[in-house]
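The sequence and coordinates are shown first.

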Amino acid sequence: MSTNNNRLVGGEFLVKDLTWENIFTHEDFSEEQRMILESAREFIDKEVVPHKHQIEKKDYALIQSLMRKLGELGMLGISVPAEYGGMGMGFVTTMMVCDYISGATGSLATAYGAHTGIGTMPISLYGTEEQKQKYLPKLATGEWFASYCLTEPDAGSDANSGKTKARLSDDGTHYIITGQKMWITNAGFADLFIVFARIDDDKNITGFIVEKGAEGMSLGEEEDKLGIVSSSTRQVFFNEVKVPVENLLGERNGGFKIAMNALNVGRIKLGAACLDAQRRILSNAINYSTERKQFGVSINTFGAIKEKLADMAVAAFTSEAGAYRAAKDVEDAIADNLAAGMPHNEAELKGIEEYAIEASILKVWISDASQVSADLGIQIYGGMGYSKEMPMEAAWRDARISRIYEGTNEINSLLCVSMLVKRAFKGKVDLMTPAMNVANELMSIPSFDVPDYTELFAQEKEIIANLKKAFFMVAGSALQKFGADLEQHQQLILAASHIMQEIYMVESALLRAEKLAKEKGEDAAANAIKLVQLQLFKSVEIIKTEATRGIVSFAEGDEQRMMLSGLRRFTRYNEYPNVVNLKTEIADFLIAENQYTF
């Protein structure tokens, strides 16, 4: 049951401040959750890491075998209700398992995510009781594996434009599906396919459950991919495939809704799936930089290497903070919906949908951070980083896909702003009041009082509050200028979205560190505090750039000068952190620990 009475609704982080008491962090896992975490980590270390070289040789059978073992451990049924053979755990635990199962290799991470998320979840949330009883126990235990067939040659981001067709048979007992799907994960060993097709000339697509071996269904060859090479990825062809009418999933015309809600879950879980990858990349880089000697000393004594290690640690800490903040919000929303009398499937759907903005933010920010960390890891390894013998080469290739699937990062960045505007029009988030307040503040004389920064994070909180003002200055002015035509200005929307993303993530990191300091003491939180100071410095610089790009694209003359002056006010430090010293101290701590330990 939810106990967080001060939970912010989706997108509300821009207009209301959250206190540290109301954020869930990586440090807040229960004893039961930590036991599950250790079980997942032990499985990866014993069953996956020793076979990474084999995984990089397109060993699809090995991935299938590992998936089977995960089923035996119960890891495939974490979120499946207990009455259908699963563990029925909450959303935080689901995210946590996805996190720690996904770190060692993208091939297993992709297979796991596709099966447990977009493969199993549509049946759990939209299936009839008969469908749930028939399929979920097999999917929860790994007896069967699931696949998700949405993308087509001409239907990627525009999912509802698919050309796969379905028609009802003359006797009314079957739907007959004809069409083609591509980039289908787990296709090579899946027993069940969630397939989307348009019935006759319906406006929207409809979902169907299609079992392996259906007459007329065939598979293409395994795709030859840059990364996730042992993840089965094939085209799936449907030639007059008969599907029993009882296998229609959800409602006719309701497939687009299923697809979008599946993607919301997929996006937030994709953020989680990039977390342990960052930890392992960083720990490997620390180990290598200690062992590698140049000019008679370990390369981790060089400032250029220390800077990279610190940057990777900042990204990992911030990624964790954002992911688990949102996970608990979703879990609490689900609990609140259940308490209000909603059926479980509807409560979960509404809870996930509530935080669709945050899901897209996490997908974009963390997948970008994971890619950068892998790139820095290769650089630390130097020439050896380019070798397939070392872990960084595969980590970099695997990280690249995360910025593409579950909707490209560009699509998700655009969605962040469009969903926020829609929520404002529906009265769910008040954007007008803060936008008007910022407009009035721009016309006022700024205060020249010397602030008191004796309280922990006093300056940082003030800056984050001002960064929110910078967002409203840019986004509010752009919306006022272009109105409904704003969607035609994608580069401007992307700039506003990147500001949103930085605000959510750095605020999450600050609240995590503040909670640690309040509960364990500032000495125990000393390194977390440094990480936040470094992340905020970076976020401020990003927001300066993005806001300037936006302002000069639509404002001119006095208006432009006033807004640029406001931006300087909203991104100003009174006391700058010593970034070089902070990075050195963080790196020295990591080197002493010889791993990422936050």
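Beyond its neighbours within four places in sequence, Gln131 is in contact with Ile123, Leu136, Ile209, Glu246, Asn247, Leu248 and Leu249. The model is a predicted one. Gln131 belongs to helix α7, which spans residues 129–141. Its relative accessibility is 3%, so Gln131 counts as buried, the limit being under 20%.

Ile209 of β5 stands opposite Ile194, and Leu248 of β8 stands opposite Phe208. Strand β5 covers residues 206–211, and five of its six residues are buried. Strand β4, residues 192–199, pairs with β5 in the antiparallel sense over six bridges. The pairing of β5 with β8, residues 248–249, is also antiparallel and runs over two bridges. In the hairpin of β4 and β5, six residues lie between the strands, and Asp200 takes a positive phi near 50°.

The loop between β3 (174–185) and β4 holds Ala190. What is the burial state of Ala190? Ala190 counts as buried because its relative accessibility is 1%, against a limit of under 20%. Setting aside neighbours within four places in sequence, Ala190 is in contact with Phe145, Ala146, Ser147 and Lys212.

**Helix packing**

Two packed helices are described by the angle between their axes and the distance between the axes. For helix α4 (residues 91–101) and helix α10 (residues 303–339), the axes come within 8 Å and cross at roughly 145°. On the α4 side, the contact is made by Phe91, Val92, Thr93, Met95, Met96, Asp99 and Tyr100. On the α10 side, Ala323, Tyr324, Ala327, Lys328, Val330 and Glu331 take part. The residues of this contact divide into nine nonpolar, one polar and three charged.

Helices α4 and α10 are also among the partners of helix α11. Helix α11 spans residues 344–354, and its buried residues are Ala347, Glu348, Leu349, Gly351, Ile352 and Glu354. These buried residues pack against α4, α6 (121–126), α8 (255–273), α10, α12 (356–381) and α14 (409–425).

Ala277 is found in helix α9, residues 275–291. With a relative accessibility of 15%, Ala277 falls under the 20% limit and therefore counts as buried. Leaving aside neighbours within four places in sequence, Ala277 is in contact with Gly103 and Ser370. Its C-alpha atom is separated by 11 Å from that of Met392, a residue 115 places away along the chain.

In soluble globular proteins, nonpolar side chains tend to be buried together. Here the largest nonpolar core has 179 residues, of which Tyr112, Leu309, Phe471 and Met500 touch the most other members. Helix α10 contributes the largest share of this core, 17 residues. Another core, of 20 residues, lies apart from the largest one and includes Ile177, Ala190, Phe208 and Phe238.

Which residues surround Phe471, aside from its neighbours within four places in sequence? Phe471 is in contact with Leu14, Leu420, Gly476, Ala496, Ile499, Met500 and Ile503.

**Aromatic pairs**

A search of the whole structure finds 16 aromatic pairs. Two of them are set out in the table.

| Pair | Geometry | Centre to centre | Angle between planes |
|---|---|---|---|
| Phe24 and Phe29 | tilted | 6.1 Å | 50° |
| Phe471 and Phe472 | edge-to-face | 5.4 Å | 75° |

Phe24 is buried because its relative accessible area of 11% is under 20%. Phe29 likewise counts as buried, its relative accessibility being 6%. Both Phe471 and Phe472 are buried. Phe317, Phe589, Tyr596 and Phe598 form one aromatic cluster.

Notes: Residues numbered from 1 in each chain as written. Predicted model: local features only at pLDDT ≥ 70, side-chain atom pairs only at ≥ 80, totals over all residues. Heavy atoms only, no water. Axes fitted to C-alpha atoms, helices over the stretch in contact; angles between N-to-C directions. Helix = DSSP H or I, 4+ residues; strand = E, 2+ residues; numbered from the N terminus. Contact = heavy atoms within 4.5 Å. Nonpolar A, V, L, I, M, F, W, Y, C, P; charged D, E, K, R; others polar. Core = buried A, V, L, I, M, F, W, Y, C linked by side-chain atoms within 4.5 Å. Buried < 20%, exposed > 50% of the residue type's maximum accessible area, 1.4 Å probe, protein only. Pairing = 2+ DSSP bridges. Phe/Tyr/Trp six-rings, centres within 6.5 Å; stacked < 30°, edge-to-face > 60°.
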